[in-house]
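Subject: Structure handover

Hello,

Here is the structure for your files.

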Amino acid sequence: MKLDTKYFGPVEYSATDVLSFPQGLFSFEDERQFLLLPFHGSEGTMLCLQSVKTPALAFVAMNPFALLPSYAPELRPEELEQLGVSKSQDLCYYVLCAVKNPVANSTVNLRCPIALNDESRQAIQVILDTDRYHMRHLLAEFGRKGEGPTC
C-alpha cells in the first residue's frame, strides 16, 4: 500500500506496519490507524506518528527512555488487559512532542504516553495516575542522554 505522508512524501507500507488505536488519540478519536516512521538520523528516538486516514495529520513522537532513562510508566489493570499484557514493562512507550521554534522551547507529554503492544500492534494513549510526570516538560530540560529501550 502507498500513503502520502506529511513529512516523508509517499511511503510504501503493509498492513502489518499499521498501529491500531481502538479509541483513537485524545482529541482525535476518529483517527484509529497510524504508522510509526523514524526520522532520518534520529536512531529511533524521534519518530513520526502518521495517520493512515488523514495524510496531513502527523505527530512527532519520541522514545521517552532516551530523554529520561528512569521513566517508569505504570498502567492500570484494565489498560494492561486491553493491550493483552500482564505488566507495564511488556509494552513499548512513545510520548508526543509539541515542536516549537526554537526547538529548545518544544515540550513533551510524559503524563499521557502512547502504550503499544508491539506484537499485536494494538496501542492506546493513557493518562498516567502519578504526579511524577507532566504534560509539558521542556525538551531543553533533558539534555543529551543515552538511548533507552526501544521497539
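A salt bridge here is a side-chain nitrogen of Lys or Arg within 4 Å of a carboxyl oxygen of Asp or Glu. This is a predicted model: local features need pLDDT of at least 70, side-chain atom pairs count only at pLDDT 80 or more, and totals for chains, interfaces and linings use all residues. Residues are numbered from 1 along each chain as its sequence is written, and side-chain values use heavy atoms, with hydrogens and water left out.

**Salt bridges**

The count is three. R76 pairs with E79, with the closest N and O atoms 3.2 Å apart. Buried means under 20% relative accessible area, exposed over 50%, and partly exposed in between (1.4 Å probe, protein chains only). E79 counts as buried at 12%, while R76 is partly exposed at 32%. D90 bridges to K87, closest N and O atoms 3.6 Å apart. D90 is partly exposed at 37%, and K87 is partly exposed at 43%. D118 and R121 meet at 2.6 Å, N to O. D118 is partly exposed at 35%; R121 is partly exposed at 21%.

**Nonpolar cores**

A nonpolar core is a set of buried Ala, Val, Leu, Ile, Met, Phe, Trp, Tyr and Cys residues joined through side-chain atoms within 4.5 Å. The largest has 32 residues, and L35, L75, L91 and V108 have the most contacts inside it. At least two of its residues come from each of β4 (33–38), β6 (58–62), α1 (64–67), α2 (77–83) and β7 (92–98). These elements are DSSP runs numbered from the N terminus: helices are H or I, at least four residues, and strands are E, at least two. A second, separate core has 15 residues, including F59, C92, L96 and L116.

What does L91 touch, leaving out residues up to four places away in sequence? Its contacts (heavy atoms within 4.5 Å) are L75, L80, L83, V85, A115, L116 and N117.

**Second largest pocket**

A pocket is an open set of points on a 1 Å grid over the protein atoms alone, where a 1.4 Å probe fits, with protein on both sides within 12 Å along at least five of seven lines; lining residues have an atom within 4 Å of a point. The second largest pocket is lined by 13 residues, and L96, A98, T107, N109 and M135 lie nearest its centre. β7 and β8 (107–108) each give two or more lining residues. β7 has the largest share, three residues.

Best regards
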